[in-house]
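This report is for a reader who is new to the structure.

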Amino acid sequence: MASVLLICGTLVAAYFSTFIYCLIRNLFNVRKTGLPAIIVPFDQNHILWMMFSVPYQQWFREHLPEVVYSRLSLCMYGWEFHEKLRPFEKFSGPRGNDKTYVLVTCGRFELWSRDAEVCAQIVGRPRDFTQLDISNLFMGKFGANVITSDGDKWTRHRKVVASVLNERISKAVFNESVRQTQGLLGEVAAKADSSGTTETNKMFDWAKKITIHVLSGAGMGASVQWSDDSSEKPPPGFKQTYIQSIKVVIEGVTGPLLLPRWLCLNYPSFLPGYETAKAMGYALDEFPKHTSNMLDNERRRTQARGSVTKGNIMSQLLQASEQPADPDLKTSTGNSANALSEREMISNLFIFTAAGFDTTANTISYALVLLARYPQWQHWLLEEIDEIVPKDPSEELDHVAVFPRATRLLAFMLEVLRHYSPLVHISKQTQTAQTIPTSRGTIWLPAYSTVYINSVALHLDPDVWCNLNLADNEQGSDKDEFRFRPTRWINPPGSAQPLFQPPKGAYLPWSGGPRVCPGQKMAQVEFCAVFLTLLRQHEIGAVPLENESREDTEKRLEARIQNSMSILTSQMKDVYDVQEGDPKGLKMRISRR
Ligand code: HEM
């Protein structure tokens with residue numbers, strides 16, 4: 001018995017001594033960096049902490065002393081959204097650097113920065129600052145792809161992916177976004193009262209529906225009617241439609257996606273989470289099959305057209321993937337050729353959806369609430385929209401004629417993303433020791449460090465944003481960088497560029513450098529197409545509560561926006577999947593103008 005206890009005790013001691021070793025090693029290394037340190041003596045990337053810290057955040061806040069909680073909160077996923085500049089102003093600033101610090105934990109060495117110079121180098125040197133191992137777990141579920149790869153493998157994926165997201169795709173995305181938003185307006189009209197006004201909790205689910213339909217139509221060439229997806233049946237031999245399987249997979253990235261397929265399919269029905277696990281099991285099985293079938297169909301269509309590709313991502317991907325380039329690789333068709341195998345194509349098609357769905361949908365959702373919160377900005381947009389869209393409402397919107405002129409709308413989107421970046425941080429790791437030269441001195445980093453760009457804090461730098469491009473009728477203010485003010489993006493008349501071009505590394509909602517988001521233009525085109533169509537003849541507002549003043553409505557909307565959390569991306573709580581009568585939801589009003 002004594003020897004069993006001794007073995008257990010030794011194992012426990014050995015386990016905990018690794019944490020102590022890491023803490024001491026990190027304390028030693030931080031002195032070499034010359035940066036301020038914030039010490040939190042445990043491993044914030046420990047699986048148990050990652051699982052339980054966010055759900056128990058409220059409990060920690062209420063029960064821990066302020067001095068402990070104020071540090072601990074910096075280790076809870078998504079903290080950047082709520083804390084804004086606090087760690088920089090409260091902890092690192094007084095110790096000599098208000099833009100970069102080291103979080104000294106019992107895990108890896110962690111650098112956190114909101115310094116544009118540092119951030120520009122992190123995103124500009126993808127061979128030195130590589131993808132986190134953990135991104136493979138979620139994003140590599142269907143095989144290697146552009147997000148999970150580094151080095152030469154990444155170059156190969158990226159070349160294909162970048163060639164696919166081209167101007168032809170922009171046109172397809174624009175047209176599909178208009179078509180889907182018209183579908184939404186059709187549903188709105190069917191529910192409208194005699195004055196042409198509809199009040200609904202469903203506006204945010206509809207934003208998601210537009211985004212997934214656009215990805216399906218302009219992405220995979222599988223165009224869906226607005227009202228079709230609920231009535232559509234899975235094809236023979238399938239339990240889920242393509243849209244259903246993709247939704248389940250994407251919603252599962254918070255955890256269930258990590259479960260193996262066999263476990264999901266055999267999950268005991270008496271345990272909690274049975275329905276989710278079962279749906280995930282089917283989706284893991286069927287998503288690649290659906291995609292593979294769609295690729296086969298597209299191949300057949302392309303052959304029938306005499307190799308003429310269509311303007312959707314899948315068609316372009318097939319063409320780009322089967323260009324001869326590397327004789328050592330075989331494509332799915334068995335040709336001695338480039339680039340991406342069938343599995344890699346499926347995995348990249350999954351990534352387009354995983355990377356493009358929540359990011360775009362949540363940006364549209366924040367924008368909807370901000371339109372209601374700030375009617376003055378909505379009117380500012382309506383002025384532009386009335387000028388650039390055809391006067392005849394039955395005349396179709398032309399991507400080439402309208403998109404380049406939607407300057408205010410794009411400025412509005414850029415301001416939404418400055419405040420509500422879907423990714424609150426961008427994280428990378430070093431494989432070997434690195435240095436980052438800056439005007440404040442050179443930062444040294446040990447091998448196997450994790451580096452975090454805090455996008456929320458980066459986008460609030462007063463040196464870049466405060467009182468930028470004040471219009472004639474606007475007052476400057478001390479804390480202007482915190483204000484939602486899209487005019488800051490509009491350069492004075494006569495400038496070389498109509499929109500403000502932030503300094504390198506200062507604005508990274510789409511990241512930057514060679515690994516900048518290849519879907520940036522697609523997201524911009526979709527955002528503009530959706531709001532051009534929505535606001536062409538309608539206005540967006542929030543339904544006031546009983547006896548609520550306008551001022552109180554604005555406060556409530558502000559609180560709803562601030563009540564956000566980061567799952568994979570930042571999103572408002574309780575706006576999705578809420579039934580019509582449920583008071584938890586956020587009731588929006590769409591009225592004909
Ligand atoms: C508002 C919408 C979007 C935002 C804010 C956004 C943001 C980002 C960010 C920050 C990254 C870098 C991630 C990192 O390095 O850790 C990224 C990468 C990526 N995004 Fe987006 N994205 C958006 C829409 C899209 C769309 C619509 C697509 C495609 C359909 C897309 C495809 C990708 C891909 C493939 C990558 C990986 C690039 C690489 O590693 O080389 N994104 N995105």
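Predicted model: local features only at pLDDT ≥ 70, side-chain atom pairs only at ≥ 80, totals over all residues.

α16 covers residues 342-373. The shell as a whole is made up of 24 residues. The closest of them are W154, R158, K428, R515 and C517.

Sorted by class, the shell holds 15 nonpolar residues, six polar residues and three charged residues.

## The iron atom

Which protein residue is the donor of the iron atom of the ligand? The only one is C517, through its SG atom, at 2.3 Å. C517 also belongs to the closest residues around the ligand.

C517 is placed in a loop. That loop runs between α21, residues 462-465, and α22, residues 520-537.

For K428, an N or O atom of the side chain is 2.7 Å from a ligand oxygen. For W154, the distance between a polar side-chain atom and an oxygen atom of the ligand is 2.8 Å. For R515, a side-chain N or O atom is 3.0 Å from an oxygen atom of the ligand.

Some elements give two or more residues to the shell: α9 (151-164), α16 (342-373), β8 (425-430) and α22. W154, K428 and R515 are also listed among the closest residues around the ligand.

## Helix packing

Two packed helices are described by the angle between their axes and the distance between the axes. Two pairs are described here, and each includes an element already named for the shell.

The crossing of α9 and α15 is right-handed.

The other pair is α11, residues 203-220, and α22. How do the axes of α11 and α22 cross? They cross at roughly 130° and come within 12 Å, so α11 counts as oblique to α22. This crossing of α11 and α22 is right-handed.

## Summary

α22 is among the elements that give two or more residues to the shell, and its axis crosses that of α11 at roughly 130°.

Conventions: Residues numbered from 1 in each chain as written. Heavy atoms only, no water. Donors = N, O, S within 2.8 Å, 3.2 Å for Na, K, Ca; no water. Helix = DSSP H or I, 4+ residues; strand = E, 2+ residues; numbered from the N terminus. Near = heavy atom within 4 Å. Polar contact = N/O pair within 3.5 Å; in protein donor to acceptor, adjacent residues only side chain to side chain. Nonpolar A, V, L, I, M, F, W, Y, C, P; charged D, E, K, R; others polar. Axes fitted to C-alpha atoms, helices over the stretch in contact; angles between N-to-C directions. Parallel < 35°, antiparallel > 145°, perpendicular 65-115°, else oblique. Left-handed = near helix turned anticlockwise from the far one by under 90°.
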